[in-house]
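I opened the notebook to go through one chain.

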Amino acid sequence: MRIRRILAAVFATAALAGLGLTGAATATAAASSVTPASVTPGECTDNGGTIDRSTPVLPTCRGGMYDGQTVD
């Protein structure tokens, strides 16, 4: 009877620890997928884009990962 209680406690602890790791991984993934408001010229070109300087206010990255983002 004592062994069953110990095993139940071990499994419950492992399950809760697994949920904690899953939540941390999800939070990390969500934080890394946020695109910045503006990118550097190097970031734009390194990720497959070109800098469009014909836009009225600020240059814009065209194409690639940061398509449509302003370049500063």
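My entries follow, in the order of the look-ups.

**Layout.** I noted that this is a predicted model. I counted 2 helices and 4 strands in the chain. I read the elements from the N terminus as α-β-α-β-β-β.

**Surface and burial.** I looked up the accessible surface of the chain and found about 5,400 Å². Carbon and sulfur atoms account for 65% of that surface. The chain has 72 residues, and buried ones make up 12% of them.

**Contacts.** I took the contacts between residues at least 6 apart in sequence. Of these, 30% join residues at least 24 apart.

**Cysteines.** How many disulfides does the count come to? I got 1 disulfide. C44 and C61 form the bond, with their sulfur atoms 2.1 Å apart. C44 lies in helix α2 (residues 41-46), and C61 lies in strand β3 (residues 60-62). The two are 17 residues apart, and the pair links distant parts of the chain. I then checked the S-S torsion. It is about 90°, so the disulfide is right-handed.

Are C44 and C61 buried or exposed? C44 has 1% relative accessibility, so C44 counts as buried. C61 has a relative accessible area of 0%, so C61 is buried too. The cut-off I used for buried is under 20%.

**Nonpolar patch.** I went back to the surface and found a nonpolar patch made of I3, L7 and F11. Together they have about 350 Å² of accessible area. I placed L7 in helix α1 (residues 2-32). L7 has a relative accessible area of 43%, so I logged L7 as partly exposed.

Key
Residues are numbered from 1 along each chain as its sequence is written. This is a predicted model: local features need pLDDT of at least 70, side-chain atom pairs count only at pLDDT 80 or more; totals for chains, interfaces and linings use all residues. Side-chain values use heavy atoms; hydrogens and water are left out. Patches are made of residues with over 30% relative accessible area and no salt bridge: like charges are joined within 9 Å, nonpolar side chains (Val, Leu, Ile, Met, Phe, Trp, Tyr) within 5 Å. Accessible areas come from the Shrake-Rupley method with a 1.4 Å probe; for residues, only the protein chains shown count as cover. A salt bridge is a side-chain nitrogen of Lys or Arg within 4 Å of a carboxyl oxygen of Asp or Glu. Buried means under 20% relative accessible area, exposed over 50%, partly exposed in between (1.4 Å probe, protein chains only). Contact means heavy atoms within 4.5 Å. A disulfide is a pair of cysteine sulfur atoms within 2.5 Å.
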